[in-house]
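Please open the structure in your viewer and keep the selection tool at hand.

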Amino acid sequence: MLKRLKSHDDLIAMRKSGDKKIKQEKVKVSICMTGCRALGAQEVYEEFSKQIKKQKLQDKVEVVETGCQGLCARAPVMTIDPPGAPSIFYGRVTVDIVPDVISKTILQGEVIKKLCYAEAGKKIPYMKDIPFYNRQNKVVLRNCGVVDPNSIEQYIERKGYDAFAKALFEFDPERIISEITSSGIRGRGGAGFPTGLKWGFCRKAKGDIKYLICNADEGDPGAFMDRAILEGDPHAVIEGMLIAARAIGSEKGYVYVRAEYPIAVNHLRNAIAQARRLNLLGNNILGSGFNFDLEIKMGAGAFVCGEETALIASIEGKRGMPRPRPPFPANSGLWGKPTNINNVETLANIPVIIAEGADWYRQLGTKNGSGTKIFALAGKVKNTGLVEVPMGTTLREIVFDIGGGVPGRSGFKAAQMGGPSGGCVPEEHLDLPIDYESVQAVGAIMGSGGLIVMDNDTSMVDISRYFMEFVQEESCGKCVPCRVGTRKMLDILIRITKGEGVRRDVEDLKEMANVTQSASLCGLGQTAPNPVLSTIRYFMNEYEALIK
Amino acid sequence: MEVKTVDIKPVAGIVSEYSDDYDSNLIAILQQSQDEYGYLPKSVLKEISRLTEVPLTRIFGVVTFYSQFTLIPRGKHAIKICNGTACHVRGVDEVKESVKEHLNVVEGETTADYQFTLETVACIGTCFLAPVMMVDDRYFGKLTTDSVTDIVKEYSN
């Protein structure tokens, strides 16, 4: 029953009608229906809905299907919000316990201890007391795990599309770009290029048609924040794209998303259809005369397509191989037209910057990186999941205070940051405040924010081999340094891990790394040697132990 | 499995959905054709080429570039074992060995009864569940060498 919004006033009216609903005295039960599905969330949700109906509790309880709530280690998870009382967080919820959750927690306010998060043997029922949550600052993930991603109404009730309306009716394109530039936001996809500057280039580029692309080809093994955003809050990305489109002067956008993310594609498709029905996408949006529409393009399984020129080739229906730059996509991109490409997380930041202002945004984070960053915490860490913290937070805070440390007796060895383009950060740098430059200085990269914790049982030479195998397989083969360099380095690494290494192997690795870095065509090859170099830098003893 | 002649009639329907621009929609056409046939038979590729006037060489180039596409028939269920960093660190190799042994195939192969095709993927973005796999569109996490064979057995029935 979505009615077309003809003006800004209609949008405001729609939000206000939602305000009344929020005030209703219902217990809200939010169940993660994305990542948690792998561990039975669907069955739990169905049982919940069935019981609520059977016990005729529809007036008292509202069950909401949400996206990722962050603490994936406890999957399947749910949050219970009784009116006027603190939120209760439950994990490892099973179908059998659903009747108890309803009779005890929902009807009597009693906490079920065995479902609570525990730390140091103590059960912590309330979300506000759990360090994993209270030490985070959710700006980009503000709606993720809270709203139903398939409901544009819920997004609008939480001031969704308000920032876009501001950008459309109060700002001219130059003002949008200057706001984004002075916010200091840099691309969250890996390279960290200033977003405002990028938009400015595309706006200034000559051409009647300009394209906007959202890069949702999240291919770094170990990164899943873009997937979570698309699954949990797809409208935030659409709103970010609308603002970007108005800024650069584009009427047509594409979201290039991995085929391996079926739930994300499904939610995004749904969100686009809803936005079209409300006249938030299409022609004469909100009666302003501004036109913009979006199309989803599915990837077909090629890591290199995360590189912008390769991604463009793939949208054009070609083999996804990169080409030399310049010309940069801002001048000659998709079908030779000026094109602006931003990553999912970057775009999800945009509405907040426009709504709250550049000054507010800049307060978050450090001089070199403003705002927050989402990290995908995985590997040998207790609280695996999604973590959003201001730039400048230390690795120790993320891994130990929020992540709950390393399980077992083995202890922390290193954190792998930035996936196949990044490196391993050892214990000695745990107190490093994380931003683009600081991470690079210790031999890793911020990358897209994948953070894999490794304990002392993990062999760093094996990790080095693992990443080299990955990039070697994903190298598109167009340029020789990457095609041959990664193969040769992999051969040496395999030899070393088998215990057949020879003395000069490490020197050879370094030399080949140097050539591959400096002579490769695109980012894939230029950064491919990073995991090798960083493990040689910090864990040379492990290489030596294998090469006798 | 007996070799059946491929019915190329559905290709025209798929292709017609993209009549505005065959060239840039080639990947989508191939994806939909693969959904239809389970793989990309030679006759289908030829038919796509004939209808869209995109040269067969270009089509073949695209098909062989992207790992999603396959030129040989696949099993009824696709088992995709994640080979991401978190899964690697959490011991996916043993899990993979267990499946390989159970199904008696290696990576990229299809079982003799055409029930399963075993693949590995770079990362399916559910690292918090590591080690993890997908069977068709469903995720299975925190796998052990035992649980993984139980899951596969469920699909066999």
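The helices and strands named on this tour are DSSP runs, numbered from the N terminus, where a helix has at least four residues and a strand at least two. Keep in mind throughout that this is a predicted model.

Begin by selecting Leu71(A), which you will find in the loop that runs between strand 2 (61–66) and strand 3 (78–81) of chain A. Is this residue, Leu71(A), buried or exposed? Leu71(A) counts as buried because 26 C-beta neighbours lie inside 10 Å, and the cut-off for a buried residue is 20 or more.

Next, leaving aside residues up to four places away in sequence, show what Leu71(A) touches: Val77(A), Gly91(A), Phe132(A), Asn383(A) and Gly385(A). If you then select Asp217(A), which is 146 residues from Leu71(A) along the chain, you can check that the C-alpha atoms of the two are separated by 24 Å.

Now turn to the contact between the chains, to which chain A brings 42 residues and chain B brings 33 residues. On the side of chain A that touches chain B, select helix 12 (308–315), strand 11 (372–379), strand 15 (450–455) and helix 17 (460–474), each of which supplies at least two residues. Strand 11 of chain A gives the most to this side, with three residues. Coloured by residue type, the side of chain A that touches chain B shows 21 nonpolar, 13 polar and eight charged residues.

Finally, select chain B, which is divided into domain 1 (9–65) and domain 2 (77–156). The centres of these two domains of chain B, taken over C-alpha atoms, are separated by 29 Å.

Terms used. Residues are numbered from 1 along each chain as its sequence is written. Chains are lettered from A and ligands numbered from 1 in the order in which they are written. This is a predicted model: local features need pLDDT of at least 70, side-chain atom pairs count only at pLDDT 80 or more; totals for chains, interfaces and linings use all residues. A residue is buried if 20 or more other C-beta atoms lie within 10 Å of its own, exposed if 12 or fewer, and partly exposed in between; C-beta atoms are placed from the backbone. Two residues are in contact if their C-beta atoms, placed from the backbone, lie within 7 Å. Ala, Val, Leu, Ile, Met, Phe, Trp, Tyr, Cys and Pro count as nonpolar, Asp, Glu, Lys and Arg as charged, and the others, Gly among them, as polar. Domain bounds come from an automatic or database domain assignment.
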